[in-house]
Amino acid sequence: MLDAKHVRSSTEEIAEKLLIKQFTLDVARIQELESRRKEIQVKTQQLQNDRKVGSRKFGKLKASGGDITALKAEMDRLGDELKASEELLNQVQNELNEILLQVPNIPHGSVPAGADEDDNVEVRRWGTPREFDFEPQDHVALGELNGGLDFETAAKLSGARFSVMKGKIARLHRALAQFMINTHIEEHGYEEIYVPYLVNADSLRGTGQLPKFEDELFKVEREDQSDLYLIPTAEVPVTNIVRDRIIEDAEMPLNYVCHSPCFRSEAGSYGRDVRGLIRQHQFDKVEMVHAVRPHESWDVFEKLVSNAEAILQKLNLPYRVVTLCGGDLGFSAAKTYDIEVWLPGQQKYREISSCSNMTDFQARRMMARWRNPESSKPELLHTLNGSGLAVGRAMVAVMENYQDEFGRIKVPEVLLPYMGGITEI
């Protein structure tokens, strides 16, 4: 959430910056509400002062034994008018807050302009795509060939966009997750954390999924209790650990890594990537989350990306890093790097990690603060998150990049300790 005072004082300037995200801020409505808010606030303050003065007069008159009938009637009138004015002020303020909840984060000045993913800007590449002396198969064909991927049974159990993994493929999937989380803990200094897979609406509002993206969530309605939602990413519960807290400086920064399933209804994306594991309703991801001092967040952002890249480098999978343009930038992000891995079966790079600096946008929604030792006062902290990596997509990349002409898949060397002696699938 943006700073309400900043929005009120610099509405047109902020509107201009948000255009890069293809977002049109309703400047006229905000200015109208702000004008009303100021007017009502002045009136409310005057009524509060009048009632305060009247209360003193009432006390003195009553103590002296004078007739308080007329003054009491006046005080009752002031009280009713003040209550009505305060309710109206709250109504206007709530309307302003509802508007602000729908306004995305302001993009960093380095974010390139553009309408969609076609306008994202490549930053660097690592590795060279393998040249095959045969026609490489995609992961669906490879999975069907060795019997490790079963989409038909998954459809019987749950419907489209689910999968069943069996045998060595299931073990490869598990090995990748364990390898990723161990690397982040042992080499990158993250603390492992395990969180609920169901969260309340406050948690989703805190990270920015609600109210804007409710139709993309799986909701569990409960009688006489608050509804719960299946997490779309571990970012939601992990980031919300700092909600409504003041973190002491000695505890900063907080660096968490979490392996969890993710659940997404993918509303509006039907027809895209319906084949295979690329776009599923349920998938596993290893998520990195940081809560840091504001002046450190951009350095941590670059480190976050390098931590994700390290996984692909250890797996020897070619990839590229792109900066998302304004039109492709997420609601809460000030800047995002996507890491795209090379998939021979598609002959293209596909997203496997998205790393974002949210600056203080989520922290303001969550009231997540740290105590600045220089002032001893609480200040909003900065939050960042990134995939390290999407496990299913990493498995797709391993299957397609490590295949041979017979459809066999060589197990990458770094995964051998997790595969119980299995070297080939």
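Analyst: Cys-258 is buried, with a relative accessible area of 1%. Buried means under 20% relative accessible area; exposed means over 50%, and partly exposed lies in between (1.4 Å probe, protein chains only). The model is predicted, so local features need pLDDT of at least 70 and side-chain atom pairs pLDDT 80 or more, while totals for chains, interfaces and linings use all residues. Residues are numbered from 1 along each chain as its sequence is written, and side-chain values use heavy atoms, without hydrogens and water.

Stay with the cysteines. Cys-262 is also buried, at a relative accessible area of 1%. The closest cysteine sulfur to that of Cys-258 belongs to Cys-262, 8.7 Å away, so the two are too far apart for a bond. A disulfide here is a pair of cysteine sulfur atoms within 2.5 Å. The search of the whole structure finds 0 of them.

Of the 425 residues of the chain, 49% count as buried. The chain has 12 helices and 16 strands. Both are DSSP runs numbered from the N terminus: helices are H or I, at least four residues, and strands are E, at least two. Contacts are heavy atoms within 4.5 Å. Among contacts in the chain with a separation of 6 or more, 74% join residues 24 or more positions apart.

The largest nonpolar core holds 53 residues. Such a core is a set of buried Ala, Val, Leu, Ile, Met, Phe, Trp, Tyr and Cys residues joined through side-chain atoms within 4.5 Å. Leu-172, Leu-176 and Met-180 touch the most other members. Helix α7 (residues 167-186) gives the largest share of this core, 8 residues. Setting aside residues up to four places away in sequence, Leu-176 touches Leu-315, Val-391, Ala-394, Met-395, Val-398 and Leu-415. A second, separate core has 21 residues, including Met-1, Phe-23, Leu-89 and Leu-96.

Arg-393, Glu-400 and Asn-401 are among them, along with Val-391, Ala-394, Met-395 and Val-398.

Next, strand β10. Ala-291 lies in this strand. Ala-291 is buried, with a relative accessible area of 4%. Beyond neighbours within four places in sequence, Ala-291 contacts Val-242, Met-252, Pro-253, Leu-254, Leu-381 and His-382. Thr-359 is 68 residues from Ala-291 in sequence, but their C-alpha atoms are 9.7 Å apart.

On a 1 Å grid over the protein atoms alone, a pocket is an open set of points for a 1.4 Å probe, with protein on both sides within 12 Å along at least five of seven lines; lining residues have an atom within 4 Å of a point. The second largest pocket has a volume of about 280 Å³, counted as the space filled by probe spheres set on the points. Its lining has 14 residues, and Ser-163, Met-165, Gln-280, Gln-282 and Phe-283 lie nearest the centre. β10 gives the most to this lining, with 3 residues. α6 (151-157) and β3 (164-165) each supply at least two. The lining divides into 7 nonpolar, 6 polar and 1 charged.

Technical notes:
Nonpolar A, V, L, I, M, F, W, Y, C, P; charged D, E, K, R; others polar.
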